[in-house]
Structure formats: structure tokens, C-alpha cells
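Subject: Structure for your files

Hello,

Here is the structure I promised to send over. My notes on it follow below.

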Amino acid sequence: MGVLGAVAAATAGLLDLVAIPAGTPAQRTALVHMTVNLVVTGAYVGGFFWRHAAGTGGSVGAGMLALSAVSLGALGFSGYLGGKLAYRYGVRVADETTRAEGYAPSRPSR
């Protein structure tokens, strides 16, 4: 299920990426964000098959645990980059006028 969510997020992210002007800091950040996400998704898929091949019994090996830990750290870093894209560079974030319209009351409260 997680890989399907990653594919859905990647599709939306790709649409965002093509709207970012080339050669900008936002585009460079988006490319790193995309690359890290692809690597993390691949690592989680690889980890799944590795664990599956190892069988259901016994403990998790140190290598499997290290792969999960590194993947989790990389995923956190990618999340930081995604936040930077949205909150610092304003990628796919509504402008002030649109947000102001959304917060204005439409009619008096009763």
C-alpha cells in the first residue's frame, strides 16, 4: 500500500515540478526532493523483498535494520525539503489574496 501512495504522491509532485521555472533554487530543491523520494521508495521495496526472502521466523538482521533506519532518515530529510518547497518557496501554495478570501466570513454569524 505504501508504494501505491508513493506513486500517487510522485504523480502529483511531477505535475508540481514541471510548473517550477528552470534554474531556480526551488527547482534544484525539488529535484533533490524527488531523487531522495525515489531512492527511499526503492530502498523500502528492496527491504520488503529482502525480509520476505529471509522468511517469517527469527529476528531482523542488522543489515535489514540499518536499511530501515537509513531509509527513515532519508525520508525525514525529504520531508524537510518538501516543507522548504511549500513554506519557503511557495510551490503550490495559494497566494495571499486567495487565502484572504478563504478566511473572510461569507455572512454574519448568528
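Accessible areas here come from the Shrake-Rupley method with a 1.4 Å probe, and for residues only the protein chains shown count as cover. On that basis the accessible surface of the protein comes to about 8,200 Å², with 67% of it belonging to carbon and sulfur atoms.

Two notes on the source. This is a predicted model, in which local features need pLDDT of at least 70 and side-chain atom pairs count only at pLDDT 80 or more, while totals for chains, interfaces and linings use all residues. Residues are numbered from 1 along each chain as its sequence is written, and side-chain values use heavy atoms, with hydrogens and water left out.

Overall fold

The protein has 4 helices and 0 strands, in the order α-α-α-α along the sequence. Helices (H or I, at least four residues) and strands (E, at least two) are DSSP runs, numbered from the N terminus. Of the 110 residues, 15% count as buried; buried means under 20% relative accessible area, exposed over 50%, and partly exposed in between (1.4 Å probe, protein chains only). Taking contact as heavy atoms within 4.5 Å, 63% of the contacts with a separation of 6 or more are between residues 24 or more positions apart.

The largest pocket

The largest pocket has a volume of about 670 Å³. The search runs on a 1 Å grid over the protein atoms alone: a cavity is a set of points where a 1.4 Å probe fits but cannot get out, whereas a pocket is an open set with protein on both sides within 12 Å along at least five of seven lines, and lining residues have an atom within 4 Å of a point. Grid points are joined across faces, edges and corners, and the volume is the space filled by probe spheres set on the points.

There are 25 lining residues, and Ala6, Ala9, Ala10, His33 and Asn37 lie nearest the centre of the pocket. Helices H1 (2-18), H2 (25-54) and H3 (62-88) each give two or more residues to this lining. H1 supplies the largest share, 10 residues. By type, the lining divides into 18 nonpolar, 6 polar and 1 charged. Ala, Val, Leu, Ile, Met, Phe, Trp, Tyr, Cys and Pro count as nonpolar, Asp, Glu, Lys and Arg as charged, and the others, Gly among them, as polar.

Gly79 lies in helix H3 and is partly exposed, at 45% relative accessible area.

The salt bridge and Arg92

The count comes to 1 salt bridge, meaning a side-chain nitrogen of Lys or Arg within 4 Å of a carboxyl oxygen of Asp or Glu. The pair is Asp16 and Arg92, whose closest N and O atoms are 2.5 Å apart. Asp16 lies in helix H1 and Arg92 in the loop between H3 and helix H4 (96-103), so the bridge ties together parts 76 residues apart in sequence. Asp16 is partly exposed at 22% relative accessible area, whereas Arg92 is exposed at 62%.

Most residues other than glycine have a negative phi. Arg92 has a positive one, near 60°.

Regards
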